[in-house]
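Subject: Structure handover, salt bridges

Hello,

Here is the structure you asked for. My notes on its salt bridges follow below.

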Amino acid sequence: MSELTTSMSGMNALGTHDERSRQAQWQADKWMMSGALFLGSAVFGIIGLPLFLRGLALQLKAQRAGLTVRPMMVTLIGYLVAVDAALNSIGWALDMVAHHTLLARVFLMAWGNMFDAGYFWHYNELWIGGASAPGEKAWEIALLPLVFSMRIAAAIGFLQMKRWGHQWLVITCWFGVVAWTGYIANMTIFADVRYTGVVFPVIGWWLYDIFYITPFLALPYLHSVNREIFSH
Amino acid sequence: MNSEPASLNETKSHQQPLPLGTTPAFAGMHKWLQRGLVVCLTALVLEGAFTFPLLAMWYGWPTLSLQEICTEFEKIRFADESRVCIYPYPLFGPAEGAGQTTAQDQWGIQPRPQYKAIGYRELIQRVAARQAAESTGVP
């Protein structure tokens with residue numbers, strides 16, 4: 001009888017711990033999700049950063065209080081990979097469907113003239129509109145609805161500690177390796193179009209775009225983490 | 001969120017608990033990856049927030065309106081001073097550059113554009129020079 005009582009109280013304590021952990025995680029996630037929505041919008045990123053950091057701080061606090069919350073690396077990778085995909089999507093969605101808006105014609109072409117004339121040279125001349133550089137539209141069509149959308153979905157599953165989230169993040173981050181390799185090869189082959197008459201060519205492009213390598217930082221973690229923790 | 005054997009969660013040297021899912025063999029790598037992620041996060045936020053306003057300023061805003069900048073871009077890339085940036089653009093109209101014949105390129109298997117890079121706030125001088133020429137009647 002006493003063994004049963006001990007076991008019952010142990011289960012109660014575990015249940016309470018579990019419940020408190022879930023609440024703490026959800027509280028932190030609410031801040032981080034709001035922050036990530038702003039971060040993914042690019043221009044409102046400054047608003048999103050303090051919200052996101054507040055969520056991170058709450059999660060850290062819960063972790064220090066002994067609650068079972070998500071590992072910091074999983075949180076950082078999940079949100080950052082989603083934000084990275086959202087930022088890529090915004091720029092390319094503008095080019096795909098909003099190429100004749102004033103915003104796109106100033107922002108994309110200013111960016112193009114500064115770093116990569118793929119977004120300046122014969123812009124809005126193709127029947128489909130937007131960038132006319134060889135291969136650019138094909139990359140947009142391949143990566144926008146497939147890689148970036150899938151990566152955001154995978155990041156959500158990953159943040160929920162789901163097995164499929166981990167698996168699909170591995171897949172979509174490897175997509176990223178293919179995308180970078182193909183994209184850079186295409187740019188290099190048509191370098192005259194991309195970098196002639198550009199204010200800050202090649203090095204400027206690399207300095208600007210290097211921070212989009214988050215999928216590459218995620219991959220070593222995804223392959224070395226103990227994947228049994230993704231069991232939901 | 002699951003618990004893990006204590007041996008996996010503790011380093012041998014300082015007995016400090018490792019994050020869930022991180023094994024001692026990869027602890028150092030995970031620490032550096034985390035630093036890289038924080039750098040990327042910060043850089044992406046700053047780039048996202050400031051690229052558009054800084055680019056707009058480089059090309060002449062607020063002295064020039066966004067539509068004037070758009071017009072100058074159009075004149076330069078199609079090498080045609082008569083072009084203007086139509087805004088709002090008709091929703092189902094043809095692409096603004098469709099069928100143009102004025103853009104200057106050295107055509108070949110590797111096309112090479114002939115326009116020059118635009119300098120810092122150079123568009124303001126272009127607009128001012130054009131307005132001065134118009135007011136004096138000089139073409």
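A:Lys137 and A:Glu140 are both buried (under 20% relative accessible area; exposed is over 50%, partly exposed in between, with a 1.4 Å probe and protein chains only). These two residues form a salt bridge, with the closest N and O atoms 3.5 Å apart. A salt bridge here is a side-chain nitrogen of Lys or Arg within 4 Å of a carboxyl oxygen of Asp or Glu. A:Lys137 and A:Glu140 sit 3 residues apart in helix H5 (residues 136-159) of chain A, so about one helical turn separates them. Helices (H or I, at least four residues) are DSSP runs, numbered from the N terminus, as are strands (E, at least two).

This is a predicted model: local features need pLDDT of at least 70, side-chain atom pairs count only at pLDDT 80 or more, and totals for chains, interfaces and linings use all residues. Residues are numbered from 1 along each chain as its sequence is written, chains are lettered from A and ligands numbered from 1 in the order written, and side-chain values use heavy atoms, without hydrogens and water.

Next, helix H1 (residues 2-39) of chain A. It holds both A:Asp18 and A:Arg22, 4 residues apart, about one turn. Their side chains meet in a salt bridge (3.6 Å, N to O). A:Asp18 is partly exposed at 37% relative accessibility. A:Arg22 is partly exposed at 45%.

A:Arg163 pairs with A:Glu228 in a salt bridge, closest N and O atoms 3.7 Å apart. A:Arg163 lies in helix H6 (residues 163-189) and A:Glu228 in the segment after helix H9 (214-224), both of chain A, so the pair ties together parts 65 residues apart in sequence.

Over all chains, the search finds 16 salt bridges.

Best wishes
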